[in-house]
Amino acid sequence: MSIKIKRHCLRYFLVCCLCNQIVFVPLAQAQNKPITEAATVTLSFNNADIESVASVVAKTTGQTILVDPQVKGTITLISNKPVTKSKVLDSFSTALRTSGFALVETNGIYRVVTQVDAKLVSTSVATGKGKQEGDQIITRVFKLNYESANSLLPVLRPLVSPSNTINAYPGNNTIVVTDFASNIQRIATLIDSIDAPTSTDVQKIKLQFAFASDVASILTKVLDSGPISGVDPALKTIILSEPRSNSILVRSSSSERVRQVRILVAKLDTPGNRNGNIWVVPLKNAEASKLAVTLRALVAADAALSAQVASSSNAPSGLANTSQQNLGGVAQPLVPATAGTNLATSALTSSSNPNIGGFIQAEPATNSILITGSEPLYRSLRQVIEQLDLRRNQVYIESLIVEVSNETAEELGIQWNFLVGSGNQNVGFGSTNFGPPGQNQGLGGNILGLNQNVNAITNTGATTGAVPVTPAPGLNLGLISRFNGAYAMSALVRALQTASGTNILSTPNLITLDNEEARIIVGQNVPILTGSYSTTGSASTVTPFQTYVRQDVGILLRVRPQISDNGIVKMQIYQEVSSVAAQTTSGVVLNKRNIESNVLVDDGQMVVLGGLISDEYSDGTSGVPFLSSIPLIGQLFRYDNKNRVKRNLLVFMRPYVLRDKNQTDEITSNRLNFMHGKEDQFKQLPMLLPKETGMPNVENAAEPLMMPRLPANSINTKPAVTGPSIPGGSSKAPASSPTTPSAN
């Protein structure tokens, strides 16, 4: 293209020549106006100053370009052929990028900044799928429809420039990227190819002859659909049974795997070739004896099933006793412990007993149900069994018993005695003595009682046959006088202040099945004397005989939880805290606190069951009438004491519903970590003896004796071994068997 340079454009030409640059612009530019979109420009800048190039580009494109003061240096921008106006800014931004700078747009004004500051200055945010090119810094928001933003983030992060950012927002499953426009365009193409629907839709296969639970169990073992360590569970084939419609639900990321499942189901869903009428149904979770009672009662109440039983050739009559047998499956109410109950030593008995008579039998040894009847009757009962033989939830119950008490007592008193006269027949005597509370007059808290020990006090080497009386606790100030050649105590001042407190926190914990009673007792089994007698023989020998009853003393917790469908836990609770207070000649005195209650608690919610909050105060004074009332002087004739006791006792309980194996492992891992931390805090005392090595350790005891494995009829040869980990980089906690999806 031929370019004519006019006189009024000479100054721009001179600037370009001085900078060793040649800029070819069309005639419109020579008229000091921006070029049109259709016009083209040939650029040639060799090691030109960035500010000068920005000024020329701004004049050429008609845009405002500001250069940050931190931007210093030169760039090279050469176009081998003419470019349009829209390509001028792209070429300029590309040249800046090679020098470590960036061109950003802020409210219609372009700025040249460093690449580090570019992500903070740019205000260009794109949310659509518009095609954006060039090396300008922009921000793009990608809304994902199928993939997870957190899962896709590690894949995209290496593609973003180190000075720019990429983040995921799980709230609405979006990814926010701030980078060069050309690089964001490449990331957008990659996201479009990854964020696509996969063949993981759930497909339903209706069965006609076989049972869904049986087929699902076989397919799970054959296809190895259980999760493998290190593999994304979303890529595995999941097979579940739906008992209500007798269907198989299949979810897989591979259409070929789904086709294989359909072929296997078609081969398995065929009529049976058995001629007998005895059916064996092994149970997975339910108890055979209780379920057999329920099934017989169900058949007795259903007229259609009763007709099928009557039409069966081998169906014996055994429905008359169904109502009596059904009583064996009813849960008995929680009975509180009595004073003579030995809960810790009572034997455990099983409620699984074989049934005698009837067309539905229970086999406790293998936990199976035996059904004698036609195939239609068997299929009807099998559907009921599938819905009742479900995995039962478990409940981990944490109980907290908190007791804080404080007791203070003070005593202050003055006692004295004297003798008047000596050598005469009549001798005058005067005395004041006050026995402190809870002590006899002859003990060390009384002045007359201490007189028995005066000789030992004045002469430590003197020995007497009597048992010496020790002074009472506290401060004892006395005066010993000589009466008729003998020493006696003439005055005694006693002062005592006591304080005692307790802070007890007990946390008995246990785990049990839904609607099954559990108990835990931590304490002692104390013998209590109930009677004694002796007989005298002809040789005057006495043969004593005593009878005892043993009583559990300590912390006792008995609870039966029941989980509802909405997650609320109903608990029947009996909790007892007992201790031995004293042992007297008449028997043993026990302190006992118990709570019996029924409560409704949400999963993981703590509830207070009850307790005691008391504040007791008592005082007393003993003194000489009239004299003890005189101000100041009355203290010499009075003995004062006071006592205050504060007790705070509360009982809390918190249940955790464990609905699957993972929650059980989480609780187990938490408790193992807790005990391992307590062991790390234990330090052997400094002794002259050598320190012990190989101390007991939970980490060593929790290691499994053998690796878990599937049953012998399983084809899975790569079970996943996972388990709760122990702090310190070790994972020797009990391993768990691989999770196999099932209808239960």
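Visitor: At what angle do H8 and H9 pack, and how far apart are their axes?
Guide: Axes here are lines fitted to C-alpha atoms, for helices over the stretch in contact, and angles run from 0 to 180 degrees between N-to-C directions. Helices (H or I, at least four residues) and strands (E, at least two) are DSSP runs, numbered from the N terminus. In this predicted model, local features need pLDDT of at least 70 and side-chain atom pairs count only at pLDDT 80 or more, while totals for chains, interfaces and linings use all residues. Residues are numbered from 1 along each chain as its sequence is written, and side-chain values use heavy atoms, with hydrogens and water left out. With that in hand, H8 and helix H9 (residues 255-268) pack at about 135 degrees, their axes 11 Å apart.

Visitor: What word describes how H8 and H9 lie to each other?
Guide: Angles under 35 degrees count as roughly parallel, over 145 as roughly antiparallel, 65 to 115 as roughly perpendicular and the rest as oblique. H8 and H9 are therefore oblique. As for handedness, a crossing is left-handed if the near helix is turned anticlockwise from the far one by less than a right angle, and right-handed if clockwise. H8 crosses H9 in the right-handed way.

Visitor: Which residues make the contact?
Guide: Contact means heavy atoms within 4.5 Å. From H8 come Val215, Ile218, Leu219, Val222 and Leu223, and from H9 come Arg257, Gln260, Val261, Leu264, Val265 and Leu268. For classes, Ala, Val, Leu, Ile, Met, Phe, Trp, Tyr, Cys and Pro count as nonpolar, Asp, Glu, Lys and Arg as charged, and the others, Gly among them, as polar.

Visitor: In what order do the four strands of the open sheet run?
Guide: Two strands pair if DSSP finds at least two bridges between them. Here the order is E8-E9-E11-E10, with mixed pairing. At the edges are E8 (125-126) and E10 (165-169), each pairing on one side only. E9 (residues 137-143) and E11 (residues 174-180) run antiparallel, joined by seven bridges; Ile138, for one, has Asp179 in E11 as its bridge partner. Helix H7 (residues 181-194) packs on this sheet, touching E9 and E11, at about 150 degrees to E11.

Visitor: Which residues of H6 meet which residues of H7?
Guide: Leu152, Val155 and Leu156 of H6 meet Ile187, Leu190, Ile191 and Ile194 of H7. By class, this contact has seven nonpolar, no polar and no charged residues. The two helices pack at about 135 degrees, with axes 12 Å apart.

Visitor: And the three-strand sheet: what is its order?
Guide: The open sheet reads E3-E7-E6, again with mixed pairing. E3 (65-67) and E6 (101-106) are at the edges with a single partner strand each, so one side of each has no neighbour in the sheet. E3 and E7 (residues 109-114) pair in the parallel sense over three bridges, and the partner of Leu66 in E7 is Arg111.
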